[in-house]
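I opened the notebook to look up how the parts of this protein are put together. The entries below follow the order in which I went through them.

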Amino acid sequence: MDIGTRSQCARPPAVGGRSAGERCIVCEQGDIALFLEIERVPILCGRLCRSLSAARRIPTARMRLAFCRGCGHVFNSEFDAGVLEYNSEYENALHYSAHFRDYENALVDELIRRYELRNRTVVEIGCGDGEFLETLCRRGGNRGFGFDPSHAPDGYGGRRDGNVVISREYYGSKHAALHADLICSRHTLEHIAEPRQFLTSIRQSTGRSGVAVFFEVPNALYTLRDGGIWDLIYEHCSYFTPTSLERVFSESGYVPLGVAEAYGGQFLTIHASMTEEACDGNNEMDVTELAARLIHSPQSITAR
Ligand SMILES: [Zn+2]
């Protein structure tokens with residue numbers, strides 16, 4: 001990623017940042033403020049190219065970031081899912097980092113302990129190469145079913161425990177028979193143009209209560225507050241804050257059970273339920289001031 005080039009074409013939006021007629025993709029309210037436009041962003045920064053020239057031929061598109069004053073969500077209001085094609089050339093695995101593996105192993109232990117995941121069934125949506133799912137199943141003696149259209153069966157060196165099956169299908173109602181005890185998804189929701197419909201579809205496809213739910217996404221507060229600009233990529237149509245992450249789950253028929261920052265603040269995690277359990281509700285956060293600062297000084301992102 002050429003930060004310098006991107007900075008040169010990034011600019012604050014015109015006309016005071018107001019966005020007429022647009023609605024938030026999480027709460028569907030219309031109090032939207034634009035705060036950053038970048039004219040040319042590569043549409044697939046996670047695709048591995050075989051040459052420099054091939055990388056330079058990756059198409060670009062405009063990013064236009066909007067902030068919702070209703071729920072604190074940040075999103076690319078010009079995102080077009082139609083230009084993206086996730087296939088086996090898409091590579092975003094992080095587990096080659098020992099630091100990241102330590103984090104994942106601790107997360108696996110936490111999930112096994114919290115949900116008593118032993119001899120249970122785990123579904124992971126957007127499982128990538130299946131590394132996390134396989135670890136979760138190996139450590140807990142669980143059965144795993146992963147779903148990811150970009151999964152490359154040959155990219156895993158043939159190593160796969162017999163109790164993990166990965167499909168390139170999208171998770172749907174025909175998979176309700178799997179009777180998942182945990183449905184998890186990591187770094188996928190921010191890629192979905194219509195997150196409410198996506199979450200509602202998962203809930204309806206699962207078709208029963210009592211299923212534990214765990215999602216992990218990049219933390220927009222880290223991106224905007226701490227200058228984590230590497231997460232400003234075209235594939236990310238959503239940038240969740242703690243308030244908007246909780247809101248998208250509650251709007252989609254889930255009971256949020258807790259949102260937390262993880263991985264040094266770079267990630268947000270949410271535990272949720274498909275039952276009527278009470279929400280702990282301890283996720284109050286005022287992001288208005290932070291967003292206002294960004295709206296008036298978007299250079300605070302691009303100049304770092
Ligand atoms: Zn909103």
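I was working with a predicted model, in which local features need pLDDT of at least 70 and side-chain atom pairs count only at pLDDT 80 or more, while totals for chains, interfaces and linings use all residues. Residues are numbered from 1 along each chain as its sequence is written.

Entry on Glu190. I found Glu190 in the loop between β8 (182-186) and α5 (195-206), where helices (H or I, at least four residues) and strands (E, at least two) are DSSP runs numbered from the N terminus. Leaving aside neighbours within four places in sequence, I listed Val217, Pro218, His236, Ser238, Tyr239 and Phe240 as the contacts of Glu190. Ser238 lies 48 residues from Glu190 in sequence, yet the two are 4.6 Å apart in space, C-alpha to C-alpha. Is Glu190 buried or exposed? Glu190 is buried, because 22 other C-beta atoms lie within 10 Å; a residue counts as buried at 20 or more such atoms, as exposed at 12 or fewer, and as partly exposed in between.

Entry on the whole protein. I noted 9 helices and 12 strands, and buried residues make up 39% of the 304 residues. Of the contacts with a separation of 6 or more, 66% join residues 24 or more positions apart.

Entry on the sheet. I traced an open sheet of 7 strands with mixed pairing, in the order β7-β6-β5-β8-β9-β12-β11, taking two strands as paired if DSSP finds at least two bridges between them. β7 (164-167) and β11 (255-262) stand at the edges with a single partner strand each, so one side of each has no neighbour in the sheet. I followed β11 to its antiparallel partner β12 (residues 267-273), to which 7 bridges join it; Val259 has Ile270 as its bridge partner in β12.

Beyond four places in sequence, Val213 is in contact with residues including Ile183, Tyr254 and His271.

Key:
Contact = placed C-beta atoms within 7 Å.
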